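This report describes one protein model, starting with a single side chain and moving out to the whole chain. Please look at the sequence and the structure first.

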Amino acid sequence: MASFIDDIKAPFKKGNTLIQLMLINTGVFLSLIIINFIFSFTPNGDRISELLSSNFDLIAPVKQFIRKPWTIVTYCFTHYGFLHLLFNMLTFFWFGTLVQEFIGSRKLLNIYLIGGILSGLFYITIYNLIALANQSGSLNLNNITPTILGASAAVYAVMFAAVALLPEYEFYLFGIVLIKIRYVAWFFLILSFIMPSSGISHLGGAISGYFYIYFLRRGVDLGSPIEAVSEWWGRLWRPKPKVKIPQRRYSETTVASKNNGGANLDPNYFPDQDEVDAILDKIGKSGYESLTKEEKQKLYRASQKKD
């Protein structure tokens with residue numbers, strides 16, 4: 001039992017955002033199942049279950065959403081059932097691994113939360129515009145649900161962030177067909193419109209993830225407030241070191257001269273934001289394979305950097 005708990009704690013100690021978010025989603029799913037199971041034996045079990053759902057699901061009608069604004073975040077961590085959770089987490093793992101490897105854990109958290117929040121606001125806006133049109137008889141809400149839940153929107157944000165980062169990246173689909181990730185992402189996005197509510201939500205997430213990378217390349221990190229809150233929260237639980245060892249930093253020219261043209265980077269060297277942005281721009285234009293060995297090392301080193 002102790003080993004199992006240690007395995008769960010490990011990603012939180014190491015700062016592995018990808019696994020942390022997967023564990024949180026799974027934990028919320030199991031917790032709600034257990035709570036609903038326990039209260040199912042009480043006279044008011046159905047009412048309690050409905051109360052729980054109403055406090056986790058995103059409510060699109062504005063008047064109801066204003067009373068429960070926290071659902072703009074909680075809906076990103078709840079799921080209809082096991083298969084819903086499984087598909088979201090598998091997709092998140094595939095694309096989240098790419099994003100985390102290239103721009104780091106903190107940026108992955110930013111994309112997930114921003115994608116979920118902006119997608120939720122996007123859905124609320126579309127729902128209420130259709131509701132207004134419905135009053136005039138122009139459109140109807142038959143295929144649009146007043147509530148949504150699931151990590152799908154946040155996952156689509158991560159998916160399209162990966163597409164923006166690595167548009168030429170390829171992998172073997174089902175271990176058989178070599179295909180570029182952008183085609184996979186667009187296929188799933190279009191397919192999701194079979195259920196209009198899902199399609200609208202996923203579109204909001206996709207736009208959010210893509211433009212997060214777009215602005216990041218231009219020096220604007222939309223996730224700075226999230227990082228600030230995350231850092232503050234982390235400091236509350238982080239033990240203070242007794243001895244602080246200063247870390248030496250070198251300029252790009254110093255590193256290159258000390259390493260015969262930069263083939264192997266100095267262990268203490270970390271690229272600055274301008275270098276990372278230039279490398280990301282090159283990936284966006286020509287793909288990851290166009291990078292030199294030194295550029296790949298710099299990008300990997302930047303992803304491991306802990307501020």
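## Asparagine 25

The backbone oxygen of leucine 21 lies 2.8 Å from a polar atom of the side chain of asparagine 25. The model is predicted: local features need pLDDT of at least 70 and side-chain atom pairs count only at pLDDT 80 or more, while totals for chains, interfaces and linings use all residues. Residues are numbered from 1 along each chain as its sequence is written, and side-chain values use heavy atoms, with hydrogens and water left out.

Asparagine 25 is part of helix α2, residues 17-39. Helices here are DSSP runs of H or I with at least four residues, strands are runs of E with at least two, and both are numbered from the N terminus. Asparagine 25 counts as buried because its relative accessibility is 0%; buried means under 20% relative accessible area, exposed over 50%, and partly exposed in between, with a 1.4 Å probe and protein chains only. Leaving aside residues up to four places away in sequence, asparagine 25 touches Cys76, Phe77, His79, Leu85, Met89, Tyr112 and Ala151, where contact means heavy atoms within 4.5 Å.

## Cysteine 76

One of the residues touched by asparagine 25 is Cys76, which sits in the loop between α5 (71-74) and α6. Cysteine 76 has a relative accessible area of 2%, so it is buried. Beyond residues up to four places away in sequence, its contacts are Asn25, Tyr112, Gly116, Gly150 and Ala151. The C-alpha atom of cysteine 76 is 8.8 Å from that of phenylalanine 56, and the two residues are 20 apart along the chain.

## The second largest pocket

The second largest pocket has a volume of about 460 Å³. On a 1 Å grid over the protein atoms alone, a pocket is an open set of points where a 1.4 Å probe fits, with protein on both sides within 12 Å along at least five of seven lines; lining residues have an atom within 4 Å of a point.

Of the 23 lining residues, His84, Ser152, Met195, Ser198 and His202 lie nearest the centre of this pocket. At least two lining residues come from each of α6 (82-103), β2 (147-148), α8 (152-165), α9 (181-191) and α10 (196-217). The lining has twelve nonpolar, eleven polar and no charged residues.

## Salt bridges

There are six salt bridges in the structure, each a side-chain nitrogen of Lys or Arg within 4 Å of a carboxyl oxygen of Asp or Glu. One of them joins arginine 182 and glutamate 168, at 2.9 Å from N to O. Arginine 182 is in helix α9 and glutamate 168 in the loop between α8 and β3 (170-173), so this pair ties together parts 14 residues apart in sequence.

Lysine 298 meets glutamate 275 in a salt bridge of 3.0 Å, N to O. Lysine 298 is in helix α14 (residues 293-304) and glutamate 275 in helix α13 (residues 273-286), so the bridge ties together parts 23 residues apart in sequence. Both residues of this pair, lysine 298 and glutamate 275, are buried. Lysine 298 also meets glutamate 294 in a salt bridge, at 3.4 Å from N to O. A network of salt bridges links Lys107, Asp221 and Glu227.

## The whole protein

The protein has 14 helices and four strands. Of its 307 residues, 43% are buried. Among contacts between residues at least 6 apart in sequence, 66% join residues at least 24 apart.

Key:
Grid points are joined across faces, edges and corners, and a volume is the space filled by probe spheres set on the points. Ala, Val, Leu, Ile, Met, Phe, Trp, Tyr, Cys and Pro count as nonpolar, Asp, Glu, Lys and Arg as charged, and the others, Gly among them, as polar. A polar contact is a pair of N or O atoms within 3.5 Å; within protein, one must be able to donate a hydrogen and the other to accept it, and residues adjacent in sequence count only if both atoms are side-chain atoms.
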